[in-house]
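Let's take a walk through a protein chain together, one region at a time.

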Amino acid sequence: MTMTPTTKKTTSRKKPAVKRVKLPPNPFIHEIFELVSEQRTKAKRVEILKEYRDDSVTAVLIWNFDQRVQSAIPDGQVPYEPNDVPVGTDHTSLRREWKTLYHFIVGGNPTLSGLRRESMFIQLLEGLHPKEAEIICLVKDKNLKSEYPKITLDIVKEAYPDIVWEVNRGS
């Protein structure tokens with residue numbers, strides 16, 4: 001009787017591939033950023049940013065990453081009440097409100113008093129979807145990376161090569 005060596009089949013434990021979710025038309029910015037953050041490769045992150053490019057997305061990313069854009073709103077926590085009504089009822093989105101963001105950066109609307117600017121900012125936050133409001137609060141302090149660490153300047157530069165960036169060397 002001849003014995004044949006048994007071969008043991010080895011299986012490598014690969015992590016399951018990230019399932020690509022198709023976002024609805026006109027998604028919230030937080031939905032885009034969450035989808036980007038779920039991706040494992042830089043190429044996929046860049047691809048999603050390109051696919052869902054919108055003026056509102058680029059405005060938020062420019063405010064966060066470009067050193068020329070400085071907030072006219074004080075750093076730190078903003079005293080506002082998040083809009084906690086059910087999704088789809090009484091929220092607005094950054095996709096709709098992004099054109100008002102110039103009021104909140106230095107030089108954007110110099111005729112506004114600090115008090116008026118801050119009250120407008122709070123009104124904006126209270127009308128936005130809570131996650132959209134959180135993004136704006138992070139961006140005003142140039143701190144998007146604390147919530148979305150996979151959205152980096154390098155990825156944004158690759159996705160949007162037409163944007164000219166002013167960044168500090170240490171950033």
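Which elements cover the buried residues of H3? They include H1, helix H2 (42–51), helix H4 (94–97), helix H5 (114–127), H6 and helix H7 (153–159). Before we look at how that works, a word on the model itself. It is predicted, so local features need pLDDT of at least 70 and side-chain atom pairs count only at pLDDT 80 or more, while totals for chains, interfaces and linings use all residues. Residues are numbered from 1 along each chain as its sequence is written, and side-chain values use heavy atoms, with hydrogens and water left out.

Now for the overall plan. Helices (H or I, at least four residues) and strands (E, at least two) are DSSP runs, numbered from the N terminus. The chain holds 171 residues, and 39% of them are buried. Here "buried" means under 20% relative accessible area, "exposed" means over 50%, and "partly exposed" is in between, using a 1.4 Å probe and protein chains only. Contact means heavy atoms within 4.5 Å. Among contacts with a separation of 6 or more, 75% join residues 24 or more positions apart.

Let's return to helix H3, which spans residues 55–65. Of its 11 residues, 9 are buried, so this helix is largely enclosed by the rest of the structure. You can pick out the buried ones in your view: Ser56, Val57, Thr58, Ala59, Val60, Leu61, Trp63, Asn64 and Phe65.

One of the partners of H3 is H6, and the axes of these two helices come within 8 Å and cross at roughly 30°. Such axes are lines fitted to C-alpha atoms, for helices over the stretch in contact, and the angles run from 0 to 180 degrees between N-to-C directions. On the H3 side, Val60, Trp63 and Asn64 take part, and they meet Ile135, Ile136, Leu138, Val139 and Lys140 of H6. By class, this contact has 6 nonpolar, 1 polar and 1 charged residues. In this scheme Ala, Val, Leu, Ile, Met, Phe, Trp, Tyr, Cys and Pro count as nonpolar, Asp, Glu, Lys and Arg as charged, and the others, Gly among them, as polar.

Helix H6 (residues 130–140) also meets helix H1 (residues 29–38): their axes come within 8 Å and cross at roughly 75°. That makes H1 roughly perpendicular to H6. (Angles under 35 degrees count as roughly parallel, over 145 as roughly antiparallel, 65 to 115 as roughly perpendicular and the rest as oblique.) Ile29, His30, Phe33 and Glu34 of H1 make this contact with Lys131, Glu132 and Ile135 of H6. These residues divide into 3 nonpolar, 1 polar and 3 charged.

Next, the loops. Asp66 sits in the loop between H3 and H4 and is buried, with a relative accessible area of 3%. Neighbours within four places in sequence aside, Asp66 is in contact with Leu61, Lys142, Val164, Trp165 and Glu166. His91 is in the loop between H3 and H4 and is buried at 17%. Its C-alpha atom is 5.7 Å from that of Gly127, although the two are 36 residues apart along the chain.

Lys142 belongs to the loop between H6 and H7. Is Lys142 buried or exposed? At 19% relative accessibility, Lys142 counts as buried. Lys145 is found in the loop between H6 and H7, but Lys145 counts as exposed, at 54%.

There is something to notice in the backbone, too. Most residues other than glycine have a negative phi. Lys142 has a positive phi of about 55° although it is not a glycine, and Asn26 has a positive phi of about 55° as well. Asn26 lies in the segment before H1 and is exposed, with a relative accessible area of 61%.

Asn26 also leads us to our last stop, the second largest pocket, where it is among the lining residues closest to the centre, along with Phe28, Thr92, Ser93 and Arg95. A pocket is an open set of points on a 1 Å grid over the protein atoms alone, where a 1.4 Å probe fits, with protein on both sides within 12 Å along at least five of seven lines; lining residues have an atom within 4 Å of a point. The lining has 2 nonpolar, 5 polar and 3 charged residues.
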